[in-house]
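Subject: Structure handover

Hello,

Here is the structure I promised to pass on. My notes on what turned up follow below.

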Amino acid sequence: LRFFTVYGPRGRPDMAPFKFIDRVSRGVEIQQFGDGSSSRDYTYISDIVDGIVRAIDRPHRYEIFNLGKGSGTSLKEFIDLVQKHTGKDAKIK
């Protein structure tokens, strides 16, 4: 099973979702690489757990299954969501 950018409670604080939310909410500058069009497939931890549970005892031997949302979220879209939910404008470097 392959996981893609897993986030949720007890997530790694060095990952972009946590860093950006923390910095934007505190009014600290964030660093955006490129024009914001790059994208990631963010997957909530409970969806990963659901995928693992569903994969247990399945008759698929040595196959790869991707566990993810299935579509990317651009960096610009992600920053827009952070701004919307924190109620603050991002200071982008």
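Let me start with the largest pocket. Helix 1 supplies the largest share of its lining, 5 residues. Please keep in mind throughout that this is a predicted model.

The largest pocket has a volume of about 330 Å³. Its lining counts 18 residues, and A16, F20, Q31, F33 and L75 are the closest to the centre. By class, the lining of the largest pocket splits into 8 nonpolar, 7 polar and 3 charged residues.

Now the second largest pocket. About 270 Å³ of space lies in it. It has 15 lining residues, with Y7, P17, Y42, F78 and L81 nearest its centre. The lining of the second largest pocket divides into 9 nonpolar, 4 polar and 2 charged residues.

Rolling a probe the size of a water molecule over the atoms shows where empty space is left.

Next, the overall build. The chain has 3 helices and 6 strands. Along the sequence they run β-β-α-β-β-α-β-β-α. The radius of gyration is 16 Å, well over the 12 Å that the globule rule gives for 93 residues, so the chain is more spread out than a compact globule. The C-alpha trace spans about 50 × 25 × 20 Å along its principal axes.

Of the 93 residues, 24% count as buried. The accessible surface of the chain comes to about 7000 Å². Carbon and sulfur atoms hold 52% of that surface. Among contacts with a separation of 6 or more, 83% join residues 24 or more positions apart.

Some single residues are worth a look.

T73: This residue lies in strand 6 (residues 73–74). Is T73 buried or exposed? T73 counts as buried, because its relative accessibility is 12% and the cut-off for buried is under 20%. Leaving out residues up to four places away in sequence, T73 touches S38, S39, R40, Y42 and F78. Two of these names have come up already: Y42 and F78 are among the residues nearest the centre of the second largest pocket.

L81: This residue is in helix 3. L81 is partly exposed, with a relative accessible area of 42%. L81 and N66 are 15 residues apart in sequence, yet their C-alpha atoms are 25 Å apart in space.

T5 is not a glycine, but has a positive phi of about 40°. R10 is not a glycine either, and its phi is positive at about 65°. T5 sits in the loop between strand 1 (2–3) and strand 2 (6–7). R10 lies in the loop between strand 2 and helix 1. Their surroundings are listed here too. T5 is buried, with a relative accessible area of 13%, whereas R10 counts as exposed at 86% relative accessibility.

Best wishes

Note on methods. Residues numbered from 1 in each chain as written. Predicted model: local features only at pLDDT ≥ 70, side-chain atom pairs only at ≥ 80, totals over all residues. Heavy atoms only, no water. Helix = DSSP H or I, 4+ residues; strand = E, 2+ residues; numbered from the N terminus. Buried < 20%, exposed > 50% of the residue type's maximum accessible area, 1.4 Å probe, protein only. Contact = heavy atoms within 4.5 Å. 1 Å grid on protein atoms, 1.4 Å probe; cavity = no way out; pocket = protein on both sides within 12 Å on 5 of 7 lines; lining within 4 Å. Points joined across faces, edges and corners; volume = space filled by probe spheres on them. Nonpolar A, V, L, I, M, F, W, Y, C, P; charged D, E, K, R; others polar. Rg over C-alpha atoms; globule rule 2.2 N^0.38 Å. Areas by Shrake-Rupley, 256 points an atom, 1.4 Å probe, with all protein chains shown as cover.
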